[in-house]
Amino acid sequence: MKLLEVKNLKTYFNISSGQVKAVDDVSFDLDYGESLGLVGESGCGKTTSALSIVQLLPKEGKIYGGEILLEGVNLAELNDGEMQKYRWNDISLVFQGAMNALNPVMRIGDQIAEAIVLHQKVSMKEALIKAGDILELVEMPRDRLMNYPHEFSGGMKQRVMIAMALACDPKIIIGDEPTTALDVMVQAQILNLIEKLRKEFNMGFILITHDLSILTETCDKIAIMYAGKIVEIAESEELFKKPVHPYTNKLIGCFPDMNGERKLKEGIEGAPPNMLELPSGCLFAPRCEFASDICHQSMPETVEVGPNHYVACHKWEEMINGQ
Amino acid sequence: MRRKFIIKKTMYAIITVFIVLIFNYILFRILPGDPLSMIMRNPRATPEMVDTVSALYGLDKPWYTQFIMYFQNMLHGDLGMSFVYKSSVTGVIATKILPTLWMLGMAEIIAIIVGIFLGIVAAANRGTKIDVGTLGFSLVTYSMPTFWLGIIMVSVFCVGLRIFPVGGMQSPGMSFAGEGAQLLDILHHSVLPIITMSILLIGEYALTMRNTLMDVLEEDYILTAKAKGFSRKYILRKHAVPNAMLPMITIIAINLGLVIGGAIQIETVFSWPGLGSLMYESLSARDYPLLQGLFLLITISVVLANYLTDITYSYIDPRVKD
């Protein structure tokens, strides 16, 4: 049994101007000790996918279909009360804005320990000892348990956040742009730390980002999302060496080459579609230089183009042969 | 860190009071009207008599000597003589301060508890009928004029239903069987002004609490708390309310400071023998020393309330003390 299997997940938002299919028919899986990168432009549904897994969607959002199987248990069917047991204990999150993700008037020790008290039914004293151990795990002195969030730098706060995410020995950690607000040096430290801990504890890790460059080293698998759908999913190396979907190609094209020419990369023409008025065929067709009639008329099926390499594109054969 | 912070804040408070003292002193010097004629009220007084009285009150001395005298006397608790009561200002204020503290203190306590509770309930049930109802109630009571609600309450409960006495703090001309009976009589008189005042205050507390709590509930750390698997109740109690209380404390403190002098209307409507009525009286009688004393009291209570807020903040908001 896989650790996590997401099958045909559909999460829609009902807003006053209509229904937004933020996540539409998304499937992926994650094994113990495996890491998956979810990449895409802002608003492509990567955060919504993550929040759907733990059912922390804003009140406009609702899961309309699909299954989220955590070791065989379908989380999508659980109500909020039942879900509470799984949150943090099995799946924890590291949010983007660690600046604001910690309660400013609570000592970080208490913030880490309260989760341990809740899920492992131990006393606050024991929980604080464990919180100290975890803080050392993220390479921070344990006496910092007594400090408040404002007494830490951005990178330190993110470490605290990671420590907090580890508090209940979760099976999966979801990092929602965990390093976006940090400078490159700290970013590397944090990612290495997560890598080390993930291997040590054999945890699944989902890394959500718009920054392809950090995924190559960190993730075993990468899923590219566009307008609420996964357009391509493959093992990292395969994806970077043999990208099939035109969107993936463009994304990788935006990624500057260290040894290449010193010039700004061209972006991708146009903008992601208006999520309220989606085009009828392939969602990327309006921006795709290879698009033909069929692309504008029907939605492409997801096909397996190589081992564990899935692509949703009508032109996949041409794309592979063209390279 | 905290000691340094407290010392700094104490210094600020003392300096503020001192500056206000100077303004307060100057204000009453430049007001129209000659204090001598107010005191003597005798158009046929001889120059000798005027000089005697002038020397008695120290009015023959230059202004700076007068200020130093005023300051020295004040430190000894002597705020001068009231023109109207012909007794010491400190004494007059002392007899009126307890009724005010009792009535407004109770009203504040009730309003703070009920207001915060309503605000939490409304914010936790955002967008529901409970929220709309609380919001409506708060807006209506918040915008009601004090005297207007007072008059309505008097006409309904005292004149119409005859449940409560019309005004004052005790039934006049009554002799009581014991202290218990007297206390009961005071309580009976207190109910209506206390309730009226609370109603007027609840709205502000409820609205502020609702708004700050709703902002706090949108914060990232609330999402973190949810992700940690806590129930809504726990998150509200442990994470949201403590953060939302910070701005509330400022508002409560400002109100507490104003309570001492800000109850002129309610005390007048209910003929409550407190500082509000006293200020109204001394204003109409141009009792400058008494007014000066009252102003000083109000200043000190506002400064003190702000001072206490700062100190409280340093205990509940870890970001403040540095």
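**Reading an interface and a helix pair**

Guide: In this predicted model, 21 residues of chain B are in contact with 23 residues of chain A.

Visitor: What area is buried between chain B and chain A?

Guide: Start with the general idea. Interface size is often given as the accessible area lost when the parts come together. Here, chain B and chain A bury about 2000 Å² between them. Carbon and sulfur atoms give 63% of that area.

Visitor: Which three residues supply more than any other three of the area that chain B buries against chain A?

Guide: Ala227(B), Lys228(B) and Pro318(B). Together they supply 29% of chain B's share.

Visitor: How many salt bridges does the rule find across the interface of chain B and chain A?

Guide: The rule looks for a Lys or Arg side-chain nitrogen within 4 Å of an Asp or Glu carboxyl oxygen. Across this interface it finds one. The side chains of Glu114(A) and Lys228(B) meet in a salt bridge, at 2.9 Å from N to O.

Visitor: Now the helices. At what angle do H1(B) and H4(B) pack?

Guide: Helix H1 of chain B spans residues 2-30, and helix H4 of chain B spans residues 63-75. They pack at about 125 degrees, their axes 12 Å apart. That angle makes H1(B) oblique to H4(B). Their crossing is right-handed.

Visitor: Which residues in H1(B) meet which in H4(B)?

Guide: From H1(B) come Phe18(B), Leu21(B), Ile22(B), Tyr25(B) and Arg29(B). From H4(B) come Trp63(B), Gln66(B), Phe67(B), Tyr70(B), Phe71(B) and Met74(B). By class, this contact of H1(B) with H4(B) has nine nonpolar residues, one polar and one charged.

How values were computed:
Residues numbered from 1 in each chain as written. Chains lettered and ligands numbered in written order. Predicted model: local features only at pLDDT ≥ 70, side-chain atom pairs only at ≥ 80, totals over all residues. Heavy atoms only, no water. Axes fitted to C-alpha atoms, helices over the stretch in contact; angles between N-to-C directions. Helix = DSSP H or I, 4+ residues; strand = E, 2+ residues; numbered from the N terminus. Parallel < 35°, antiparallel > 145°, perpendicular 65-115°, else oblique. Left-handed = near helix turned anticlockwise from the far one by under 90°. Contact = heavy atoms within 4.5 Å. Nonpolar A, V, L, I, M, F, W, Y, C, P; charged D, E, K, R; others polar. Buried area = accessible area lost by both parts, 1.4 Å probe.
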